[in-house]
Amino acid sequence: MQSILMPAQESYFLFRILNGSFQTLDYLKDQIALYFTQFICSKSSFDLIESRSISRDGDWKREEISDGEGEPRGAVFNALDSMLKGSLDRLKTMRESISWVHTYSSDDISETNYTSDVTMIRALCLEGKLGTSLWLWRSVVQQLRTPDVLTHNYLINALCKSGDLWRAEWLVNEMLNQGPSPTCATYNTLMNGCCLANKVDKALDLFSTMTKCGISPNRVSCNILVHALCQKGLLGDAKKLLEKILDDGSEGDKASSLITSTILMDGYFKNGNMDEALACWNGVLQRDVVAYNVVIHGYCLNGDINLVYKSLCEMFKSGHLPDIFTFNTIISKLCKSGRIYEACYVFSVMSRMDVFPDHITYKIIIQGLCSNGDVVEAENFLSHMLENSFVPKPLIWNVLIDAYGKFGHIEKALFVKNQMIEYGVRPNVHTYNALIHAEIRNGSIEEAHYLRKEMLMNGFFPDLVTYNLLIGAVCNLGQVSSALQLRDEMLRRGCTPDVITYTELLRCYCKQSKMKEAEELFFKVQSSDLPIDHVPFLILMKKWFKMGELDKVFDLYQIWCKRGGV
């Protein structure tokens with residue numbers, strides 16, 4: 001790139017020199033005029049004629065013309081003539097050089113433009129600016145300068161990530177018709193996009209198309225399909241494809257075979273087929289850390305922590321050290337099993353092994369401690385996180401706020417909220433919902449409404465959870481009108497009530513003995529597409545039973561039975 005740009009840069013500097021030369025010529029002309037003026041003004045025409053004398057042999061002899069200071073005037077003119085001639089020679093040389101540079105750089109400048117356009121297309125694809133990248137690609141093609149295969153792969157990858165599979169496939173067809181010819185990497189990119197969009201059948205068609213076009217699939221192609229088939233639960237097809245890969249493989253493809261086998265093994269574990277997974281594991285001779293992580297994760301899914309530790313020991317014996325994924329998998333399983341302090345011990349072990357925890361590790365530990373009721377220890381982990389320059393995402397802060405709220409520590413919950421703001425983490429809707437829930441638990445309905453107003457001031461709109469919490473709070477106080485106002489407000493904001501919203505309103509109507517409104521609301525919900533559980537039925541049946549309306553209780557019971565309630 002630098003060698004291509006040199007002629008253009010030299011041309012630029014030569015033009016600058018040429019411009020300076022023109023200014024030098026103007027200066028010389030001014031100086032010549034000045035010398036002639038001084039010469040004419042210093043001597044009269046008569047003196048000039050007499051300055052010449054006739055020699056004795058009758059030949060004319062030129063005398064040296066001098067000025068008042070005795071300096072030879074001929075020397076001045078000779079100097080000026082020499083300067084002018086030198087400047088003209090330099091000017092001629094520069095013109096020839098500029099002409100040569102212009103002729104040489106015309107093709108190179110075009111090549112430079114092509115390179116810069118291709119680089120720009122790739123950068124735009126990485127930034128997700130597909131419209132601009134496609135426009136630039138089209139303009140390059142219209143100039144009969146077709147981008148290379150790598151640039152087309154960038155475009156196809158960006159289109160697949162955006163979900164525009166139709167245009168990605170169209171671009172591959174354009175490559176087949178107009179060039180450059182697609183490669184295996186091109187088809188792999190498109191197949192991966194189809195698999196991400198859950199279009200495995202289309203990916204399999206592309207796999208067949210590759211062979212028809214004379215492009216041999218590689219291990220990456222097979223790994224993409226095996227992973228997609230496993231996610232779809234088509235483990236039999238994935239196994240057949242793996243067997244085909246192993247039959248066609250060679251000694252140099254052991255690493256790729258391991259990847260494919262690991263993908264298939266992971267699929268078996270996730271589908272609960274332990275026997276097939278272990279058979280696949282026993283068939284893998286050269287194992288790596290990823291393969292051990294898959295086995296450990298599979299044992300965690302199966303719930304056997306003893307086999308997890310056994311696999312961990314085998315991992316050490318084989319010379320492979322656990323990584324962050326290994327420890328996160330084990331810690332997560334221990335926390336879900338309620339063995340939180342054992343998880344904390346594993347956390348300390350990983351720190352001593354110089355495996356540094358990440359955001360996921362801290363999230364698992366803090367959530368586990370909060371679920372176990374040990375909020376103080378969870379806050380210690382948060383402090384440890386901040387000391388190591390890990391600023392948590394809002395989720396971790398919200399877990400602590402919710403935990404403090406559940407245990408009635410409103411002041412500590414608000415302190416954590418203020419602390420997250422100090423660290424530059426902006427509270428979100430879930431933060432305010434946790435605080436509103438805490439205030440409602442504490443019986444501070446006014447504070448809960450104040451938090452709702454604060455949400456709106458900070459640009460956050462209450463969601464369904466927010467409104468259900470507030471509606472439930474005012475319904476418990478018997479304030480039907482306030483509950484209906486909140487219901488109307490959520491409808492105006494485009495938030496659709498769910499069965500919890502209507503259940504709270506139904507409960508409030510029954511408390512106020514407004515049975516007509518309660519029945520209308522119940523049948524309105526029943527006729528809607530909302531899934532109804534047993535709670536609305538029980539609320540009405542209990543109320544009718546207290547009122548002695550046993551026939552209505554029986555009618556509701558029959559409706560419930562028809563809906564499959566029993």
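On a 1 Å grid over the protein atoms alone, a pocket is an open set of points with protein on both sides within 12 Å along at least five of seven lines, whereas a cavity is a set of points where a 1.4 Å probe fits but cannot get out; lining residues have an atom within 4 Å of a point. Grid points are joined across faces, edges and corners, and a volume is the space filled by probe spheres set on the points. The model is predicted, so that local features need pLDDT of at least 70 and side-chain atom pairs count only at pLDDT 80 or more, while totals for chains, interfaces and linings use all residues. Residues are numbered from 1 along each chain as its sequence is written, and side-chain values use heavy atoms, with hydrogens and water left out.

The second largest pocket has a volume of about 220 Å³, and its lining is formed by C125, L126, G128, L130, L150, N153, Y154, N157, A158, K161 and S162. Two or more residues of this lining come from each of the elements α3 (73-126) and α5 (149-161), helices being DSSP runs of H or I with at least four residues, numbered from the N terminus. The most is given by α5, with 6 residues. By class, the lining of the second largest pocket divides into 6 nonpolar, 4 polar and 1 charged residues, where Ala, Val, Leu, Ile, Met, Phe, Trp, Tyr, Cys and Pro count as nonpolar, Asp, Glu, Lys and Arg as charged, and the others, Gly among them, as polar.

The largest cavity holds about 50 Å³ of space and is lined by V499, Y502, T503, L506, L521, F522, V525 and P536. The elements α25 (499-511) and α26 (515-527) each give two or more residues to this lining, and α25 gives the most, with 4 residues. The lining of the largest cavity comprises 7 nonpolar residues, 1 polar residue and no charged ones.

Helix α16 (residues 340-352) packs against helix α17 (residues 359-371) at an angle of about 155°, with the axes 10 Å apart; axes are lines fitted to C-alpha atoms over the stretch in contact, and angles run from 0 to 180 degrees between N-to-C directions. The two helices α16 and α17 are therefore roughly antiparallel, a term for angles over 145 degrees. In the contact (heavy atoms within 4.5 Å), I340, A343, C344, F347 and M350 of α16 meet T361, Y362, I365, G368 and L369 of α17. This contact has 8 nonpolar, 2 polar and no charged residues.

Conventions. Parallel < 35°, antiparallel > 145°, perpendicular 65-115°, else oblique.
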